[in-house]
Amino acid sequence: RDLFYPSSSKELPGRLGIWLLAAGVLLSCLLGYVAIQNYLSALPVAAGSLRGLALSLSETIESLVVKDPSMALLRGLKSPDMAFFAVFDSNGVQIFHTNPDLIGSHVEDQYLAPDLGAKGFSEKRIILGTGEDVFEFIAPLHLPGKALKLRLVLHAYRADAIVHRAQSGLTVIFLLLLAGWVMGILLYRFSIREERHRLDMATRENLARLGAMGAVLAHEVRSPLSGIKGYAQLLEEQLLDAESREYAGYIVTEAVRLEGLVNDLLVFVRTESLDLTALAVDEVVSQAIGLINAAAAESGIEVVRSIGANLIAKVNRDRLEQVVLNLLQNAIQAMPAGGVLAIGADREAHHIHITISDTGQGINRSDQELIFEPFFTTKARGSGLGLAISKKYIEEMNGTISVSSRQGNGSVFRVSLPAVKC
């Protein structure tokens, strides 16, 4: 079997793929964590920079008011980060504003009233009438004999730039991760396809070698094997001793088995064009069932059939009947103590499906991917070519064959063939 499907070539890509997937997931999680943490840490940094700037400006304003109670020095206070600021008395009258037209006016913004009456500092983000998102800072001015409040409004674009850079970095990292995963998946699929192509080419080369070997078998093995079988049959008929006749019978049995193996091998490696014609698949299936009814009854197997009518497909009659018969015989062999053999045939859209199920012991999950490979068998005396030949025949008729099974619950073989348009 390893001549066709080397086990190492199958296991290595699988193990390597698992390790690469684990490494990719770990690296993606690490980069994603770093990017998210960088973004989350940028938020308090931006807020802290605005708060620090507001405290620094408020201290400067307070020191200028202490030096000049007339607040004339505040006119010269400029900062690119400052939108405007105002000083209020306890009655809410603006005794200073960077806009001179507002000096002496009463606070009209209702949302400012709680902040002006509260003790301590307050800060929040607000939207100005111009639509700009700014940082508002309200703090008391500590002056002798006066209770004043400072309203300081700062531009937030510099602080927000920190958040935007972190957000951009987060977006770029996730886009790069997405692109990396897409490229990785594409490369993995490409490598799998290349590996399958390599295995297909190796299988074809091996089949070509097997074809040459089959010609040698046909000439060098079949002829002497037929002679051995013939002489053994003759001895079985002419020998008088019962024990000697039994030994001759063993020779005949083994010669017949080897002859069948040679025939199966030649069938498997033979390449020839098929004559496909539109046939009633239901009739072919019914005929195959008729051939195994006696064997099923002898083994105590109940045959249940559900076959639709007018199931027309373009197939080769002999080969389709051989495939169905092989699957039915396998199902009977899987139920030595009796059971139920169900055969179904129906049409679904553009395909005709033939299903053959049994109530035997089932097939191991690890074996289900191997049973259609040449020379793979779980039988003590099997050649391992029956299902491989069935798969070859079905694919030559542009169809597919598959199996589903659970250990202890039997198996279901499914053959799908392209239907002929009615």
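**A strand and its surroundings**

A: In this predicted model, strands E4 and E5 form a hairpin in which two residues lie between them, and Gly145 in the turn has a positive phi of about 80 degrees. E4, which covers residues 133–143, runs antiparallel to E5 and is joined to it by ten bridges; within this pairing, Phe137 stands opposite Leu152 of E5. Strand E1 (residues 82–88) is also antiparallel to E5, with six bridges joining the two, and here Phe88 has Lys149 in E5 as its bridge partner. Eight of the ten residues of E5, which spans residues 146–155, are buried, so this strand is largely enclosed by the rest of the structure.

As for the nonpolar cores, the largest has 44 residues, of which Leu320, Leu328, Leu341, Ile354 and Leu417 touch the most other members. Among the elements that each supply at least two residues of this core are helix H6 (281–298), helix H7 (317–333), strand E9 (339–348) and strand E10 (351–357), and H7 gives the most, with eight residues. Once neighbours within four places in sequence are left aside, Leu328 is in contact with Ala288, Ile289, Ile292, Leu341, Ile343 and Ile356. Apart from this core lies another, of 26 residues, whose members include Leu50, Leu64, Leu143 and Leu154.

Definitions and conventions. Residues numbered from 1 in each chain as written. Predicted model: local features only at pLDDT ≥ 70, side-chain atom pairs only at ≥ 80, totals over all residues. Heavy atoms only, no water. Core = buried A, V, L, I, M, F, W, Y, C linked by side-chain atoms within 4.5 Å. Buried < 20%, exposed > 50% of the residue type's maximum accessible area, 1.4 Å probe, protein only. Helix = DSSP H or I, 4+ residues; strand = E, 2+ residues; numbered from the N terminus. Contact = heavy atoms within 4.5 Å. Pairing = 2+ DSSP bridges.
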